[in-house]
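Biologist: I would like to go through the labels attached to this model one by one. For each, please give the value and the cut-off behind it.

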Amino acid sequence: MKTQLNDDEKRAFYRDGFIVLQDIVPEELIATSQKRYKPGEDLTHATEYTDLINKSPLAPILHEVMGEF
């Protein structure tokens with residue numbers, strides 16, 4: 001699974017301020033977060049949602065382009 005941007009993607013990110021990474025978050029993390037959803041509940045710190053970044057290949061990419069978060 002992708003954990004780094006290639007040079008063209010980096011250039012596009014810095015030029016445009018965003019980049020679209022298709023299918024970067026594994027389906028099982030998405031399914032888990034969808035099961036946890038309850039309308040009106042504050043899910044800001046729910047691990048099912050923070051895992052969408054922290055336990056996916058997105059985390060090392062974000063660290064690379066913006067540092068620690």
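Modeller: Let us start with Tyr49, which lies in helix 3, residues 47-54; helices (H or I, at least four residues) and strands (E, at least two) are DSSP runs, numbered from the N terminus. This is a predicted model, where local features need pLDDT of at least 70, side-chain atom pairs count only at pLDDT 80 or more, and totals for chains, interfaces and linings use all residues. Residues are numbered from 1 along each chain as its sequence is written, and side-chain values use heavy atoms, with hydrogens and water left out.

Biologist: Why is Tyr49 called partly exposed?

Modeller: Its relative accessible area is 24%. Buried means under 20% relative accessible area, exposed over 50%, and partly exposed in between, with a 1.4 Å probe and protein chains only. Tyr49 at 24% therefore counts as partly exposed.

Biologist: What does Tyr49 touch, not counting residues up to four places away in sequence?

Modeller: Tyr49 touches Ser33, Arg36, Tyr37 and Leu43 on that count, where contact means heavy atoms within 4.5 Å.

Biologist: What makes Ser33 buried?

Modeller: A relative accessible area of 5%, which is under the limit for buried, so the label applies. Ser33 is found in helix 2. Leaving aside neighbours within four places in sequence, Ser33 is in contact with Glu48, Tyr49 and Leu52.

Biologist: How many helices and strands does the protein chain have?

Modeller: Four helices and zero strands, in the pattern α-α-α-α along the sequence. The radius of gyration is 14 Å, well over the 11 Å that the globule rule gives for 69 residues, so the chain is more spread out than a compact globule. That radius is taken over C-alpha atoms, and the rule is 2.2 Å times the number of residues to the power 0.38. The C-alpha trace spans about 40 × 20 × 20 Å along its principal axes. Of the 69 residues, 26% count as buried.

Biologist: Which residues make up the largest nonpolar core?

Modeller: Leu5, Leu21, Ile24, Val25, Leu29, Leu58, Ile61 and Val65, eight residues in all. Helix 4, residues 58-66, gives the most to this core, with three residues. A nonpolar core is a set of buried Ala, Val, Leu, Ile, Met, Phe, Trp, Tyr and Cys residues joined through side-chain atoms within 4.5 Å. In soluble globular proteins, nonpolar side chains tend to be buried together.

Biologist: How do you know that Leu58 counts as buried?

Modeller: Leu58 has 19% relative accessibility, which falls under the limit, so it counts as buried. Leu58 lies in helix 4 and touches Leu21, Ile24 and Ile53, not counting residues up to four places away in sequence. Leu58 and Gln4 are 54 residues apart in sequence and 8.7 Å apart in space, C-alpha to C-alpha.

Biologist: Where does Lys10 lie, and what does Lys10 touch beyond residues up to four places away in sequence?

Modeller: Lys10 lies in helix 1 and touches Leu5 and Glu64 on that count. The C-alpha atoms of Lys10 and Glu64 are separated by 9.8 Å, although the two are 54 residues apart along the chain. With a relative accessible area of 26%, Lys10 falls between the two limits and so is partly exposed.

Biologist: What is the phi of Asp23?

Modeller: Asp23 has a positive phi of about 55° although it is not a glycine. Most residues other than glycine have a negative phi. Asp23 lies in the loop between helix 1 (7-16) and helix 2 (27-36). Its relative accessible area is 64%, so Asp23 counts as exposed.
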